[in-house]
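I opened the model to look up one residue and then some totals for the chain. My notes follow.

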Amino acid sequence: MKIGIVCYPTFGGSGVVATELGKALAKNGHKVHFITYSQPTRLDFFNENLFYHEVDLRSYPLFQYPPYELALASKMVDVVKHEGLELLHVHYAIPHASAAYMAKQILKETNINIPVITTLHGTDITLVGKDPSYEPVVTFSINKSDGVTAVSEDLRKDTLEHFDIYKHIEVIPNFIDLDRFKKQKKDHFKTAICPHGEKLLAHTSNFRKVKRVEDVIHVFNNVRKKIPAKLLLVGDGPERIKMEKLCRELGTCDDIRFLGKLEAVEEVLSVCDLFLMPSEKESFGLAALEAMACEVPVISSNAGGLPELNIDNLTGFTCNVGDVKDMTEKALFVLADENIQRFKDAALARAKEFDITNILPMYERFYQKIKDTQEQEKIKN
Ligand code: GMT
């Protein structure tokens with residue numbers, strides 16, 4: 001199938017999922033055309049079935065805000081026409097679903113009927129989408145998509161609860177490439193960071209408020225009062241400076257390393273003992289899945305779709321949002337020598353259920369179903 005994928009190309013869960021999906025589809029023989037405003041971060045290898053089209057965003061002195069959505073819609077029209085795409089799959093509703101709707105209507109004028117699938121990733125619904133400044137457009141463009149998927153059952157429910165949606169929403173969870181995300185032998189790295197055999201905790205995120213990185217630091221601070229431990233913070237974002245200040249106030253700077261944005265996060269995860277994800281909202285928690293694939297148990301909040309991934313008292317624990325005390329107790333329990341191995345084994349076993357080889361066919365079947373429905377409608381009319 002010739003598929004167009006639209007996503008945010010930067011670091012971030014939805015862009016990662018879209019890019020990895022495109023790469024896997026290309027390996028399976030589909031022709032995949034990425035339409036984005038810059039080269040997706042993980043689109044880092046050559047495959048004869050992969051193509052990249054950059055959205056041509058022209059500015060003009062009159063525009064205080066260059067109209068990205070229009071440039072994107074125009075690019076979609078161009079690529080669908082000239083590459084003969086059979087389906088458009090847009091990731092993150094805002095503004096990709098409404099831009100795709102516009103492209104679809106333009107293409108209809110030339111008798112091209114392109115099916116559009118929208119994947120809801122999380123904050124496009126739970127934070128930004130609910131805002132009155134976007135809600136009517138989000139509702140409309142979800143209803144006008146030919147197919148809609150959500151990355152967890154919780155996100156599906158949340159969407160139906162807060163938006164007036166009459167469209168079926170298919171749940172297709174995030175996935176992981178276990179050939180890349182697996183425990184690697186990086187003992188030298190562990191020894192360098194934890195020279196005295198300290199336990200190593202980690203958190204990776206885009207350091208937005210919703211991630212509650214301050215809870216990570218407080219949990220870690222409590223843990224290190226009981227057992228020798230170190231913390232690695234991977235990623236960058238608006239909250240990072242505040243978090244550095246918090247470390248200074250707590251006097252934890254010597255035990256915490258801010259590593260910034262890392263490409264090979266799996267190398268860091270390979271030497272970690274526990275992953276912390278105390279998010280206020282989290283539709284799935286791809287970063288936690290990446291940790292689990294590297295045999296790292298997870299202490300997370302019970303927000304959103306996290307309990308669908310992190311099974312309480314098996315792969316780690318889920319706690320109420322903001323309950324630092326409970327998170328600390330559970331972290332110490334998991335890290336205890338007599339417990340840690342069973343949690344590590346369970347984390348890996350659970351991650352295997354989300355292997356790309358299990359999830360890719362779900363997308364392929366969904367694409368075919370949407371295409372077939374469209375064909376049948378064409379015959380009827
Ligand atoms: O986590 C983020 O803030 C980034 C965001 C995105 O869209 O790039 O991630 C969302 O999509 C991921 C992939 O589907 C999910 O694994 C994350 O849980 C989700 N983030 C939130 O819901 C906060």
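I looked up phenylalanine 181 and found it at 3% relative accessibility, so it counts as buried (under 20% relative accessible area; exposed is over 50%, partly exposed in between; 1.4 Å probe, protein chains only). The model is predicted: local features need pLDDT of at least 70, side-chain atom pairs count only at pLDDT 80 or more, and totals for chains, interfaces and linings use all residues. Residues are numbered from 1 along each chain as its sequence is written, and side-chain values use heavy atoms, with hydrogens and water left out.

I placed phenylalanine 181 in the loop between β7 (169-171) and α7 (187-193). Helices (H or I, at least four residues) and strands (E, at least two) are DSSP runs, numbered from the N terminus.

I listed the contacts (heavy atoms within 4.5 Å) of phenylalanine 181, leaving aside neighbours within four places in sequence: Arg42, Ile176, Val265, Glu266, Glu290, Ala293 and Cys294. I also checked glutamate 48, which lies 133 residues from phenylalanine 181 along the chain, with 24 Å between the C-alpha atoms.

Then I turned to the whole chain. I noted 15 helices and 13 strands. The radius of gyration is 22 Å, close to the 21 Å of the globule rule for 381 residues, so the chain is as compact as a globular protein of that length (taken over C-alpha atoms; the rule is 2.2 Å times the number of residues to the power 0.38). The C-alpha trace spans about 70 × 45 × 40 Å along its principal axes. Of the 381 residues, 54% are buried. Among contacts with a separation of 6 or more, 69% join residues 24 or more positions apart.
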